Amino acid sequence: MATIVGSVMTSHVPAIGGAIAKGRQADPYWKPFFDGYPPVHSWLGRVKPDVAVVFFQDHGLNFFLDKLPTFAVGAAAEYPNADEGWGIPTLKTVRGQPDLSWHIIEGLVADEFDITSCQEMKIDHALSLPLALLWPGGGEWPVRVVPITINHVQHPLPSPKRCHKLGESVGRAIRSWKSDARVLVMGTGGLSHQLDGERAGFINKSFDMLCMDALVNDPLKLTRYSAMDIVREAGAQGTEVMAWMAARAAMPGPVRKVHSNYHIPISNTAAGLLVLENEETALSKAA
Amino acid sequence: MNTYNEAFRDIPGTTVFDATQSRLGYHLNMFCMSLMKDENRKAFRADESGYLRHFPMTDAQRQAVIDRDYNRMISLGGNIYFLAKIGATDGFSFQNLASKMTGVPEEDYRAMMIAGGRPPKGNRSKTDPAR
């Protein structure tokens, strides 16, 4: 059966794409953010994932208001990025892992999640930039992906509790997939930020810290919040943290924190990074 | 039946993009989506009013676009993720749009973010005593 090697949760602020394209990683503004990633590169070198199952939000590249699923699972052989109209560079196409996609889709529907399956899907900065942060080397991406989108554009959003359950179901599916693949689970977006209106620039460091701690030690704590609570506490776009909750829930049992970073600001956003490993994975590696 | 939208009215300076806003702003947001193509960005820049006539928006929505009045566009159903494509077509960042929406110069907005952002105190609820 496939193994979940761990989880990486990271922000995906579009401006990161510009900074990478212009080589600004060492600029004083960007350095505290990019300095968070070399320990992730070392860890990835050790755990060597073949596939990444990525919970993220589409911001209008693949889905628009004409058809907007609450949860959608990509089941394509490849996923192109494209011009998002935001003036950021277009990144490389990512290869898919349709066998795992369909196994996850079957598992989710069996668990009564009425998801949308997509045999064609574009992936926006919320998937491509995290890949660029994790694997900055160039060439083909070293992992295949299964993209899973969570509606974050149009309310009503799914609840944190529902996103947690989604993650649990996806985790069960991954671990029952007949494959020797090593699977990384990713959650992208956040942390606190608000882009729109008079409250733009809203940041809530103490709530972000609460989330980052709960994601390690007590993920169920976050399921007690509503989407509206998250808007109030983390900003109108801070609801992206629900993708982190789903990723965490995909991991079985207790986890240990491998690495984290937190920096205010990247553009309008408090940027977070969290790397988790299952305690059993860590123990079996030590044995 | 606006109960969902009204539930968010307690959060200051925030318009949650729900069914009420999405229905109002469908064609405004559709116009924004058209700006994902370079040829459309060029056509819009060449003749803004003429380009906007291709979309069945209200005159108030068209005027708000021409005025680059982002708060007005939001009140008329615009979603920030889509509206940002207008800003990018103008060559501006999200921070520039945020400075416009919050009514402060971009340098001041940027300085606020570097200093830790807009704090939760007084900004979580309209009933917060710190306001």
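**Figure 1. Where chain B meets chain A.** Two residues are in contact here if their C-beta atoms, placed from the backbone, lie within 7 Å. By that test, in this predicted model, 44 residues of chain B touch 34 residues of chain A. Six helices of chain B each give two or more residues to this side: H1 (3-7), H2 (19-34), H6 (70-75), H7 (80-89), H8 (94-102) and H9 (106-114). Which of them gives the most? That's H7(B), with six residues.

**Figure 2. What the touching side of chain B is made of.** Look at the residues of chain B that face chain A, and you'll find 25 nonpolar ones, 14 polar ones and five charged ones.

**Figure 3. A look at chain A by itself.** Chain A is built from ten helices and ten strands. Its radius of gyration is 17 Å, close to the 19 Å that the globule rule gives for 287 residues, so chain A is as compact as a globular protein of that length. Along its principal axes, the C-alpha trace of chain A spans about 50 × 40 × 35 Å.

**Figure 4. Inside chain A.** How much of chain A counts as buried? Of its 287 residues, 58% do. Now take the contacts in chain A between residues at least 6 apart in sequence: 83% of them join residues at least 24 apart.

Figure 5. Chain B has an average pLDDT of 93, and 97% of its residues score at least 70. As for the model as a whole, the scores are ipTM 0.94 and pTM 0.96.

Technical notes:
Residues numbered from 1 in each chain as written. Chains lettered and ligands numbered in written order. Predicted model: local features only at pLDDT ≥ 70, side-chain atom pairs only at ≥ 80, totals over all residues. Helix = DSSP H or I, 4+ residues; strand = E, 2+ residues; numbered from the N terminus. Nonpolar A, V, L, I, M, F, W, Y, C, P; charged D, E, K, R; others polar. pLDDT = per-residue confidence, 0-100. Rg over C-alpha atoms; globule rule 2.2 N^0.38 Å. Buried ≥ 20, exposed ≤ 12 C-beta atoms within 10 Å, placed from the backbone.
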